[in-house]
Amino acid sequence: MKRFQLKLAVAAAALAAVLGCASFPSADETRALGEQMVADAYPGMPAALTARAVQDADQKICSKLGGEKLTSIEAGRIVDAARATMKYPPGGKLAGDWKAGERLVSDGAGLRVREGRVEPVKQNGALCINCHALDPREVNSGNLGPALVGYGAQRGNSDAVVKYTYEKIYNAWAYYPCSNMPRLGAHGFLTPEQIADVVAYLVAPQSPVNRK
Ligand code: HEC
């Protein structure tokens, strides 16, 4: 009897799942719902910040639901769009001050919003260590991105390496469409000068990243 009841429960659950799927909203509806929830979650935010909850055209392509693959046309479009966003520091120096870069990579400060106003409390950070191992002595780093320990020691600091590293940080999608690395320069989270300082931190022989 017990076994029969169990079978009945399993059958009922399967039926509920099928019925549930039949009424599941479309990918577009789910996406619009998600954006609305984010927008509603922060009432009274300055318009410049709520606008960030709305996905740009390329992020929309990357957010395809249901495990759809990116087509090569879409991937090419995203890379071209990312390349078009690229801006460099005045004077064109792509590797700056590694010590300033060191302060940025582990600093997570951003904008503070209070009573509907943005309060610039202090200079923003870059928070690379949330996703990357950098200084081999640092144990508190994330691993969503590849470890970058010994980056400059392995690749050197030629103009080509410096340019790639700068552009990668400015807009990661110029090299890897839809990757999980934020488009830090293109979205104005880091200035070109801050990116140049982080580049120096990665490639400078004296930087802790390249410590033997
Ligand atoms: C939210 C996680 C995340 C953050 C924050 C992040 N990255 Fe990344 N990064 C990734 C991922 C994932 C990859 C691999 C995919 C790719 O190449 O875009 C990557 C790739 C890279 C690469 C290319 C590695 C290679 O072998 O050529 C570099 C360089 C890099 N990140 C540097 C940085 C720096 C510097 C910062 C801070 C300014 C940073 N990342 C912030 C996730 C992140």
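1. On the protein side, the iron atom of the ligand is held by His132 (NE2) and Met181 (SD), at 2.0 to 2.2 Å; donors here are N, O and S atoms within 2.8 Å of the metal (3.2 Å for Na, K and Ca), and water is not among the atoms, so sites may look incomplete. Bear in mind that this is a predicted model, where local features need pLDDT of at least 70, side-chain atom pairs count only at pLDDT 80 or more, and totals for chains, interfaces and linings use all residues. Residues are numbered from 1 along each chain as its sequence is written, and side-chain values use heavy atoms, with hydrogens and water left out.

2. The iron site is octahedral, with angles of 85 to 178° among its six donor atoms (six donors count as octahedral if opposite donors are over 155 degrees apart and all others between 65 and 115). Histidine 132 sits in the loop between β2 (117-119) and α7 (151-155), and methionine 181 in the loop between α8 and α9, so the pair ties together parts 49 residues apart in sequence. Helices (H or I, at least four residues) and strands (E, at least two) are DSSP runs, numbered from the N terminus.

3. Now the helices: α8 (residues 159-170) and α9 (residues 192-203) have axes that come within 9 Å and cross at roughly 130°. Axes are lines fitted to C-alpha atoms, for helices over the stretch in contact, with angles from 0 to 180 degrees between N-to-C directions. The residues meeting across this pair include Val161 and Tyr166 in α8 and Ile195 and Leu202 in α9 (contact means heavy atoms within 4.5 Å). By class, that contact has 12 nonpolar, one polar and no charged residues; Ala, Val, Leu, Ile, Met, Phe, Trp, Tyr, Cys and Pro count as nonpolar, Asp, Glu, Lys and Arg as charged, and the others, Gly among them, as polar.

4. Helix α6 (residues 98-105) also packs with α9, at about 100° with axes 7 Å apart. Its contact with α9 divides into seven nonpolar, two polar and two charged residues.

5. Aspartate 107 is in the loop between α6 and β1 (112-114). Beyond neighbours within four places in sequence, aspartate 107 contacts Lys122, Gln123, Gly125, Ala126 and Leu127.

Conventions:
Four donors count as tetrahedral if all angles lie between 85 and 135 degrees; four count as square planar and six as octahedral if opposite donors are over 155 degrees apart and all others between 65 and 115; anything else is irregular.
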